[in-house]
Amino acid sequence: MFEYSVYSILTGTLAGFIAGTSLTWTSPEIVNLNNTDTGYFNGTLTAEDSSWIGGVVSLGAALGPFIFGYLADRIGRKYTLLAISVPFAISSIITAFSNKVVEILVARLITGVGIGGAFTVLPIYVGEMSLDEHRGALGSGMNCFICFGLIFTYVVGYYISSVMIFNILLACLAAGYFVIFALIGTETPHYYVQKNKHDLAKAALLRIRDTPEDVTEKELELIKSEIEKEEQGSIVDIFRSKGTTKAFIIGSGLVFFQQASGINAVLFFAQQIFQDAGTTLAPAYCSMIIGGVQFGTSFVTPLVSNMFGRKVLLIGSAIGMALSESILGIYDIIRAADEDKVSSLSFLPIVSLVLYIITYNVGFGPLPWAVIGEIFPNSIKSSASALATSVCWLTSFIITKWFSQVAEAIGQGQCFLGFAGFSLLAAVFVFFVVLETKDKTLAEIQVDLNK
């Protein structure tokens, strides 16, 4: 029997599922929008239009952290997570009934705001609700929901060719999440203590913890001592001490390398990548395989994160991504020069990207968000998480907006070799800079950061 905090966290992380459905939306939906028989644009959608539709969501995601990070401190973690469902529902309704590129762009921008909010507030919520020994597994569990959303869109978006019906379905899923989390979700004790509502904080702890009242009192006193010695800070305060500056470098560095490994280029343009690589299997089915592998392997990290620690998994993940992307890059370069030389290796693109997804999902997929939820002190947690998340999505925008153009100019193989290079740099960064947080309390982590 799980303690109630686990149920609250799991229902809250359904927001990750909603965000996941939006991340891979472009892969089936751009094809459906531009279908010459049933699409709204009847084959008139240009490559530039498609690149903006793919990239603008990341711009919105860079803005969302500041909006929802602010709300998390003003109205609480629970009500902010509920509010995150609103942009997803609105953007899906707009898309369902739009027939102009500018309307789709506005809808995708709004979607991005919701994505940025989810990636900012969910790690905070999970970090504050979890027991220390469960924090790594539950923080990594957010990735399971995101990956379920990815495969959902790859599969359902392919088989439901009607843009209207599919996006109405997405709007209904966002509404369903709102109802479920409103009924089951609980506000974090940390937020109540920050607002000097200690009676509500105790009531929240008694509800979410399956512990005797005296143990609950001790945890409440620990939360009070952590928060009351910290003055509420702002973005400027991130850089006023050694510990918080180091925490920001770790958090923003991890999400930068996550995106610089090319993950969103793979997710957003999976069908295009497989088509350009000349694989013999239909690109749509290749993308479904990628989504299925990502969902299946997303359950690995929650099981092993507390066994091996964050640093070991992150370094192994980075090296694995570098190797798999190098294989694909070299294959694409050889194929571009002489297709006959690799004609018997048409299976290699799907194999290499499956290996990439597996190694990404073991470490650099979920763990940067789990670490971000752990390393910032309560005084700057919302603002620092928002800024780090914004770094993530600005990097994603640069990659997703110009991936197709750069691949066309210098070659897809060269792009993947570049992603592999960033993955190797990620391993170096983790080894020398990242702090191990396994089995440490939030207070102990702050002591280590300030050494």
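Buried residues have under 20% relative accessible area, exposed residues over 50%, and partly exposed residues lie in between. The legends below use these terms for close-up views of a predicted model.

**Figure 1. Salt bridge between glutamate 217 and lysine 202.** The closest N and O atoms of glutamate 217 and lysine 202 are 2.6 Å apart. The pair links distant parts of the chain, with glutamate 217 in helix α11 (residues 213–228) and lysine 202 in helix α10 (residues 198–208), 15 residues apart. Glutamate 217 has a relative accessibility of 28% and therefore counts as partly exposed. Lysine 202 is likewise partly exposed, its relative accessible area being 24%.

**Figure 2. Salt bridge between lysine 224 and glutamate 221 within helix α11.** The N to O distance between these two side chains is 3.4 Å. Lysine 224 and glutamate 221 are 3 residues apart in helix α11, about one turn of the helix. Lysine 224 has a relative accessibility of 14% and so counts as buried, whereas glutamate 221, at 43%, counts as partly exposed.

**Figure 3. Salt bridge between arginine 77 and glutamate 128.** In this pair, the closest N and O atoms are 2.8 Å apart. Arginine 77 counts as buried because its relative accessibility is 0%. Glutamate 128, with a relative accessibility of 1%, also counts as buried.

**Figure 4. Salt-bridge network of Asp73, Arg77, Glu128 and Lys381.** Side chains of opposite charge can pair when their charged atoms come close. Here, salt bridges link Asp73, Arg77, Glu128 and Lys381 in a network. One of the contacts is the salt bridge of arginine 77 with glutamate 128. The structure as a whole holds 10 salt bridges.

**Figure 5. Nonpolar surface patch involving helix α8.** Ile93, Phe97, Met164, Ile165 and Ile168 make a nonpolar surface patch of about 440 Å². Helix α8 (residues 163–184) gives the most to this patch, contributing 3 residues. Methionine 164, one of the patch residues, lies in helix α8. The relative accessible area of methionine 164 is 34%, so this residue is partly exposed.

Notes: Residues numbered from 1 in each chain as written. Predicted model: local features only at pLDDT ≥ 70, side-chain atom pairs only at ≥ 80, totals over all residues. Heavy atoms only, no water. Patch = residues over 30% accessible without salt bridge, like charges linked within 9 Å, V, L, I, M, F, W, Y side chains within 5 Å. Areas by Shrake-Rupley, 256 points an atom, 1.4 Å probe, with all protein chains shown as cover. Salt bridge = Lys/Arg side-chain N within 4 Å of Asp/Glu carboxyl O. Helix = DSSP H or I, 4+ residues; strand = E, 2+ residues; numbered from the N terminus. Buried < 20%, exposed > 50% of the residue type's maximum accessible area, 1.4 Å probe, protein only.
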